[in-house]
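Work through the exercises below with the model open. Each task is followed by its solution.

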Amino acid sequence: MSLAINHLLGLQNVSKNDIQLILDTAVTFREVLDRPIKKVPTLKGTTVVNLFYENSTRTRLSFELAEKRLSADTLNFSTSTSSTKKGETFKDTVRNIEAMKIDMIIVRHKSAGVPLYLTKISNASIINAGDGQHEHPTQALLDMYSIREKLGKLKGLKICIVGDIRHSRVALSNIYGLKTMGAEVSVCAPPTMIPKNLETFGVKVYTDIHKATRENDVLNVLRIQLERNAGSSIPSLREYHNYFGITSEVIEKNNKDILILHPGPINRGVEMSSEVADGPYQIILDQVTNGVAIRMAVLYLLGTKN
Amino acid sequence: MKIILKEITLLHPGQKINEQKDLLIENGIIKKIGNISQNDFSSSEVFDFSGKYCVPGLFDMHVHLREPGREDAETVLTGSNAAAAGGFTAVACMPNTNPAIDSAEVANFIKHRAEKHLVDVYPIGAVSKERKGESLAPIAELVDAGAVGFSDDGVAVKTSALVRSALEYLKMYNLPLMEHCEDESLAGGAMNEGTISTELGLPALATVAEDLTVARDILIAEYVGGKIHIQHISSKKSVELVREAKTRGVNITAEVTPHHFTLTDEELRTYDTNYKMNPPLRTQEDVDAIIEGLKDGTIDCIASDHAPHAIEDKEAEFIDAPNGILGLETQLGLAISELVKKKHLTLEQLIEKLSINPRKILNLQVPLFKEGEKANLTIIDTELIWTVDKNKFKSKSRNTPFDKRLLTGKAVAVINNGKMLIDDEYRNL
């Protein structure tokens, strides 16, 4: 079995078979992570570049660890400068790195479309680690993996993404991936956080967190970016917490079978109370562990393809 | 020097001329229309233009020549060469240069750089000093230096109060305030807001940002009785607002770019920065409304918003790439292909929008087909099928989404200021 895709740019056009294969492959790697020696020689001799044009701690660590667990050689390039500040252009940077004979590029960038652009200027296999407000496919895959691990399936489940959908790269990947796998996807947020015409993606929109909690099996709770939202899309973080925050009260009043996910990092007391973040309904740290397995699966499947 | 344009179809919507004639031009002056003697024929260079149209020189009222400031992207000379190659004998250049065209000195400098060229270059003055929207630029001085209209293009005039002042002050000259319509507080996206922007995850710019400024300017122009011109109109609602204002008798005109009647935001799926412009490409519904506006006269002109950018600037990541595309060398072909060949406009209507109306709006004389007049004309082959090749552009830049596109209709020659451009060569007449 091998993937139909050559790059992982997003989940929009990834088939059910490919997603299934990635999730199933990740199960094997997840087992590796519980062994005393957590390293396999699968990608020995493969060079992977982590090209991070935007601050990221956990995604970069997770990819780096996945690469090391597979015995790949890794290079890290992190910068927060962009080509608007004069200096080397993005294209020149990529061509220089490419000239060092590398095989795969993991890219994170504040501009949507950069991973696709990379496929045009590079021969490496490209994995999107988050582009602008567009996609973050490995996050969605690890979310799906974690839900499947906990609830045994994806098909037919009702999953609601809560929070700033408009500025999220996680939401769109989850919507595409989950729908492909046969889940019902909805979102819950104030209308200021919902992007234009989202309904046309086949997504139900809630503005009542109680109702969303009642009617769904899973809540995937997104981080509220403090600097971006307060004062513009929401009056205050306090008001957001009081009306959209996930608290024990919201869960216990509406749905004690709910499963809570969060891609991290958590703003405790904003999108989620500490009680919930540390409580029995959430699988937040499982997601982190599974993330390494998912990234190992993606790296392995793409890295051994050619 | 004497030349004869033989069996050419003279088409002048202003003079209501549409007939095949021979045209004798001597030293850049129209000497004789029809009934040319055998003597003249034997002493002139004769161009057989049967089946081709001769129209009053095309006028692009919205170009960016980048000089002074970004001579690496375009200069007055290369921009003029691009204009002539595209069939234009005159352009009006926007003031967002560096420094801006907010003083007589800068306007004079541009006029000086344009001297002796076939193409006439008319500066558009900035409405406000440094285009900052704080206080009026020296409008009277700029008019004396040759400015034919005023705009803060790139941004809308910042405040309603300044729009009012500019409209009132410009009444002295019957010149238009030309507005880039975009509400400042809603501005800033990288593409049109809609289903596609949600899909692509790009920061989006809503049509309402344009519509609001159009509405603001209509109301102020109506109140003070000024002359307002809407630049690069792109939304359905704005077309409706202009149409309604015209019915009420507001002194308002509008222009549209070829890309806004040809392309939609679906193109953005490639994340190709050559589809990034402001206003952004809209939806098919907007394109349909624009074509309707062109047909019923709501939209008076077609103008390219020719916006050259250096390769390294345009090749940036999408959200960082500058807005705008080249237009001068593809505009006529796109207009004929998309509007005339698809029977939305007659050729006469197109020439009104590409030659007559821009001059009327800017208070300039429309070139006449009359013996004794200066020859200022464009010769068009409406049937010529050609492929756009950006590497053959006369512009210094290459940022076009239309490379390799097959177009019907092209200017085969232009004549103005005693010069003729034909077969890629400038000749003195």
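**Exercise 1.** How many residue pairs are in polar contact across the interface of chain B and chain A?

Solution. The model is predicted, so local features need pLDDT of at least 70 and side-chain atom pairs count only at pLDDT 80 or more, while totals for chains, interfaces and linings use all residues. Residues are numbered from 1 along each chain as its sequence is written, chains are lettered from A in the order in which they are written, and side-chain values use heavy atoms, without hydrogens and water.

Step 1. Apply the rule for a polar contact: a pair of N or O atoms within 3.5 Å, where within protein one must be able to donate a hydrogen and the other to accept it, and residues adjacent in sequence count only if both atoms are side-chain atoms.
Step 2. With both residues at pLDDT 80 or more, the rule finds twelve residue pairs.

**Exercise 2.** Find the count of salt bridges between chain B and chain A.

Solution. Step 1. Look for a side-chain nitrogen of Lys or Arg within 4 Å of a carboxyl oxygen of Asp or Glu.
Step 2. The count is two. One of them joins E315(B) to K91(A), with the closest N and O atoms 2.8 Å apart.

**Exercise 3.** Classify the ring pair of Y53(A) and F77(A).

Solution. Step 1. Rings of Phe, Tyr and Trp (its six-membered ring) pair if their centres lie within 6.5 Å; planes under 30 degrees apart are stacked, over 60 edge-to-face, the rest tilted.
Step 2. At 5.8 Å centre to centre and 35 degrees between the planes, the pair is tilted.
Step 3. Ring pairs also link Y53(A) and F77(A) with F90(A) and Y117(A) into a cluster.
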